Amino acid sequence: MDASAPADAVARLFRAEFGRAVAVLARTLGDVDRAEEAVQEAYAVALERWPRDGVPDSPAAWVLTTAKNRAIDRLRRERSLREKQALLARDLEEAVADLPTEEDAIPDERLELIFACCHPALAAEAQVPLTLRLVGGLTVPEIARALLLPEATVNQRIVRAKRKVRTSGIRLAVPPPERLPDRLAVVLAVLYLVFNEGYAASAGPDLVREDLAAEAIRLTRVVADLLPREPEPVGLLALMLLQHSRREARVDPHGELVLLADQDRSRWDAALIAEALPLVRRVMRPRRPAGPYVLQAAIAAVHAEASDASDTDWRRLKVLYGALAHVSPTPVVELNRAVAVAMADGPQAGLERIDALAAGGALDDYHLLHSARADLLRRLGENAASAHAYRRALALATNDAERRFLERRLADAEGR
Amino acid sequence: MQYILLLYDEEAESMKQSEAETEAEMQEYFALDEALTEEGLNKGGEALQPASQATSVRVRNGEVMVTDGPFAETKEQLGGYYLIDAADLETAIGVAQRIPAARKGTVEIRPVLKFD
């Protein structure tokens with residue numbers, strides 16, 4: 001790395017080491033707040049030195065050493081201020097000083113930190129910002145921009161959550177086996193939420209938000225690597241990689257949304273797909289029950305493996321959506337299943353499923369139900385009914401790009 | 001760390017229990033008491049008389065106001081508590097989920113504030 005590393009390159013490099021240093025220090029200090037402060041101070045030093053002197057050979061060791069020294073300085077100041085805590089502060093000082101700083105010897109306790117940040121005892125709205133801050137190393141202004149929230153709001157949520165971690169005795173630990181499935185589900189939901197925040201905005205010009213998708217992939221990779229026996233983190237990682245591989249093809253040059261069937265597949269990111277497909281094969285095993293992320297990844301993989309939309313293996317998608325509907329029986333999954341059935345067995349079979357779903361009422365306000373229904377009616381040659389369904393969809397859609405798409409389809413159905 | 005576990009459930013529902021159900025629940029609480037003591041977590045705990053037996057006291061401008069009833073009228077009432085000594089919140093949650101009241105009502109975990 002040349003010595004003139006610009007500030008955002010330093011930020012990116014530092015971010016990769018942030019969570020590991022916070023985790024190690026928080027465990028030793030028994031306090032995430034102090035740990036974060038020490039690592040943040042180390043960041044200020046890095047911003048000053050790395051561009052001038054070059055990036056150190058082992059950034060991980062440099063970050064932990066510098067943060068350790070800042071933590072010890074802080075403890076010494078407190079020791080002189082508060083006689084009563086002097087003994088405790090000295091013990092902590094020694095414990096911090098004893099932490100190893102050779103790259104290979106630094107323990108990786110980021111998983112423990114992630115479980116603490118996504119603890120269900122913390123407010124749901126605080127889990128995403130706290131994870132991005134402590135594990136991801138994003139600053140409060142970066143998080144605020146990425147989540148489209150005021151900085152003061154983000155700051156307040158993080159401060160409150162850190163206080164609760166400390167006062168309520170949330171330990172940095174992987175939960176006991178009997179609680180692992182539930183707690184892992186929260187962690188993965190938080191990571192997928194981070195990803196979707198970035199993904200949903202990739203149509204816009206705001207690069208910070210697209211960064212967020214990459215950040216979610218990075219953190220999910222940490223969880224998947226550190227919990228190698230759990231299939232769901234691997235499934236989520238593959239799902240994110242596959243969705244991210246389509247980001248260039250999702251919007252046309254005018255910013256219009258492009259449907260999966262109409263995307264230019266040569267613009268899909270082949271490297272991401274090449275990484276994701278073996279992951280899917282690793283966790284999608286016959287006769288082993290698959291969780292929702294593994295199944296969604298397997299579904300995305302079917303699309304990734306098709307050379308064009310007409311080559312899609314709809315029979316396999318029908319089976320996968322059936323399995324997904326079994327483990328996460330939501331109306332939206334049922335709707336997607338109905339579309340797969342229509343593609344595999346013909347529009348009439350799909351329409352019957354959609355009509356049954358519509359009769360349930362749960363998705364009556366969901367524009368995609370009406371547009372899917374309209375599409376099947378169109379393919380059955382029922383133009384008047386199709387136009388009627390497109391009008392319902394239009395009345396419910398709020399996204400401009402989607403509205404324009406539906407208007408074009410409505411005009412076709414009306415023969416205009 | 002010390003935690004107090006506050007046991008809330010609907011008194012009206014408990015009143016509807018049969019004698020046998022109440023007895024079975026009592027036995028469950030006795031067994032839990034013993035288990036928590038053996039595990040070194042138990043620092044005490046009591047069942048409370050119903051909220052209808054509560055008396056609330058407020059002092060405003062030196063004037064003492066005594067009223068009938070609990071601090072707040074809620075659907076679920078405070079019916080008892082445990083004080084436990086646990087390593088962390090995870091352990092406290094583990095205890096809370098074993099309390100019969102958690103199945104019918106809610107167990108609220110509050111860390112005890114220590115001044116030291």
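This is a predicted model: local features need pLDDT of at least 70, side-chain atom pairs count only at pLDDT 80 or more; totals for chains, interfaces and linings use all residues.
Me: In what order do the elements of chain B run from the N terminus on?
Reply: Chain B holds four helices and six strands. Its C-alpha atoms fill a box of roughly 45 × 45 × 20 Å along the principal axes. From the N terminus on, the order of the elements is β-α-α-β-β-β-β-α-α-β.

Me: What percentage of the contacts in chain B with a separation of 6 or more is accounted for by residues 24 or more positions apart?
Reply: Chain B has 116 residues, of which 16% count as buried. Among its contacts with a separation of 6 or more, the share from residues 24 or more positions apart is 77%.

Me: How many residues of chain A are in contact with chain B?
Reply: On the side of chain B that touches chain A, five residues take part. These divide into three nonpolar, no polar and two charged. Their partners in chain A number eight residues.

Me: How far apart are the C-alpha centres of domain 1 and domain 3 of chain A?
Reply: The domain assignment of chain A places domain 1 at 1–108, domain 2 at 111–221 and domain 3 at 228–312. Between the C-alpha centres of domain 1 and domain 3 of chain A the distance is 38 Å.

Me: How are α7(A) and α8(A) oriented to each other?
Reply: Helix α7 (residues 140–147) and helix α8 (residues 151–167) of chain A have axes that come within 8 Å and cross at roughly 115 degrees. The crossing is right-handed. Angles of 65 to 115 degrees form one class, so α7(A) and α8(A) are roughly perpendicular.

Me: Which residues of α8(A) meet α7(A)?
Reply: From α7(A), the residues involved are A:V140, A:P141, A:I143, A:A144 and A:L147. By class, the contact of α7(A) with α8(A) has seven nonpolar, one polar and one charged residues. On the side of α8(A), the residues are A:E151, A:V154, A:N155 and A:I158.

Me: What is the phi of A:L148?
Reply: A:L148 lies in the loop between α7 and α8 of chain A. With 10 C-beta neighbours inside 10 Å, the residue counts as exposed. Most residues other than glycine have a negative phi. A:L148 is not a glycine, yet its phi is positive, near 55 degrees.

Me: Where does B:N61 lie?
Reply: B:N61 is not a glycine, although its phi is positive at about 50 degrees. The residue counts as exposed because it has 4 C-beta neighbours inside 10 Å. B:N61 is placed in the loop between β3 (55–60) and β4 (63–68) of chain B.

Me: How are α18(A) and α19(A) oriented to each other?
Reply: Helix α18 (residues 383–396) and helix α19 (residues 400–413) of chain A have axes that come within 9 Å and cross at roughly 160 degrees. α18(A) passes α19(A) in a left-handed crossing. By class, their contact has seven nonpolar, two polar and four charged residues. Angles over 145 degrees form one class, so α18(A) and α19(A) are roughly antiparallel.

Conventions
Residues are numbered from 1 along each chain as its sequence is written. Chains are lettered from A and ligands numbered from 1 in the order in which they are written. Helices (H or I, at least four residues) and strands (E, at least two) are DSSP runs, numbered from the N terminus. A residue is buried if 20 or more other C-beta atoms lie within 10 Å of its own, exposed if 12 or fewer, and partly exposed in between; C-beta atoms are placed from the backbone. Two residues are in contact if their C-beta atoms, placed from the backbone, lie within 7 Å. Domain bounds come from an automatic or database domain assignment. Ala, Val, Leu, Ile, Met, Phe, Trp, Tyr, Cys and Pro count as nonpolar, Asp, Glu, Lys and Arg as charged, and the others, Gly among them, as polar. Axes are lines fitted to C-alpha atoms, for helices over the stretch in contact, and angles run from 0 to 180 degrees between N-to-C directions. Angles under 35 degrees count as roughly parallel, over 145 as roughly antiparallel, 65 to 115 as roughly perpendicular and the rest as oblique. A crossing is left-handed if the near helix is turned anticlockwise from the far one by less than a right angle, and right-handed if clockwise.
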